[in-house]
Amino acid sequence: AEIELEITDDSGKIDINAASGDLLTNLFMGRGVPMDQAQALSDAIQDWRDPDDLKHPNGAEAADYKAAGLSYTPKNAPFDTVSELQQVLGMTYDLYEKIEPGITIYSGRNSPSASYGNEVALQAMYPDASPEQIQQFLAGNAAGIKTTFSSFPKTVLGTDMMDPGVPSGCYLVVAFDSESERRVGFGGPHSGEKRVDYVTDVPTAGTLVQGMLPASPSHTLPTA
């Protein structure tokens, strides 16, 4: 059996519990959402995660959810999972699929690290950058080239230079079992809310298992 592990530093993603309203708006606009809708989604996310019942200018509180015929109201607390975002008023599954690769709840950062960012996050951080510039930067990251954004317009981060890229110590691990019934183990101390220690009897080929690992874990792949 073949086991493939993909490890992604979550510091390169947008933390939906910590991101500013502007960054959230840019996240949606970068996926083709009109500005007024993007601002409404951004405000609705902030209304969902903040502890009060005060409505943001374009947001949604309890009365709006009831008016929409929904049986629940805003949580008024941080998101516990990324998928919880789908409950926010105005969010659709298609839009969620477009932004999901670029969001997290684990980094705790107001803005992502450009050094570890993907296309979705970088486009939100640098909304005036062209797709070609984003791809050029990603190619530089993949090649280990420390590129700067000196040619980019001023961004919501307030700087045109790439941050030094300090790892967050919080990683998303995806284990891909190319066959089936293969046990995968992850050892070492953990950081973050979730951890996968062992996954046994994977039912089907291509099953994805997600968990969190620390900055320097020891990885073991038991054969039994």
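The model is predicted, so local features are reported only at pLDDT of at least 70 and side-chain atom pairs only at pLDDT 80 or more, while totals for chains, interfaces and linings use all residues. Residues are numbered from 1 along each chain as its sequence is written, and side-chain values use heavy atoms, without hydrogens and water.

The protein chain contains six helices and eight strands (DSSP runs numbered from the N terminus, helices being H or I of at least four residues and strands E of at least two). Their order from the N terminus is β-β-α-α-α-α-β-α-α-β-β-β-β-β. Of the 224 residues in the chain, 41% are buried (under 20% relative accessible area, with exposed over 50% and partly exposed in between, for a 1.4 Å probe and protein chains only). Contacts are heavy atoms within 4.5 Å; among those between residues at least 6 apart in sequence, 61% join residues at least 24 apart.

On the α1 side the contact includes Leu24 and Phe28, and on the α2 side Leu41 and Ile45. The residues of this contact comprise seven nonpolar, five polar and one charged (Ala, Val, Leu, Ile, Met, Phe, Trp, Tyr, Cys and Pro are nonpolar, Asp, Glu, Lys and Arg charged, and the others, Gly among them, polar).

Seven of the nine residues of α1 are buried, among them Leu23, Asn26 and Leu27. The elements covering the buried residues of α1 include α2, α4 (93–99) and α5 (119–125), together with strands β2 (14–15) and β3 (103–104).

Asp10 is located in the loop between β1 (3–9) and β2 and is buried, at 3% relative accessible area. Its side chain forms a polar contact of 2.5 Å with that of Thr104 (a pair of N or O atoms within 3.5 Å; within protein, one able to donate a hydrogen and the other to accept it, with residues adjacent in sequence counted only if both atoms are side-chain atoms). Asp52, in the loop between α2 and α3 (62–67), is partly exposed at 28% relative accessibility. The side chain of Asp52 reaches the backbone nitrogen of Leu54 at 2.9 Å. Beyond its neighbours within four places in sequence, Asp52 contacts Glu61 and Asn76.
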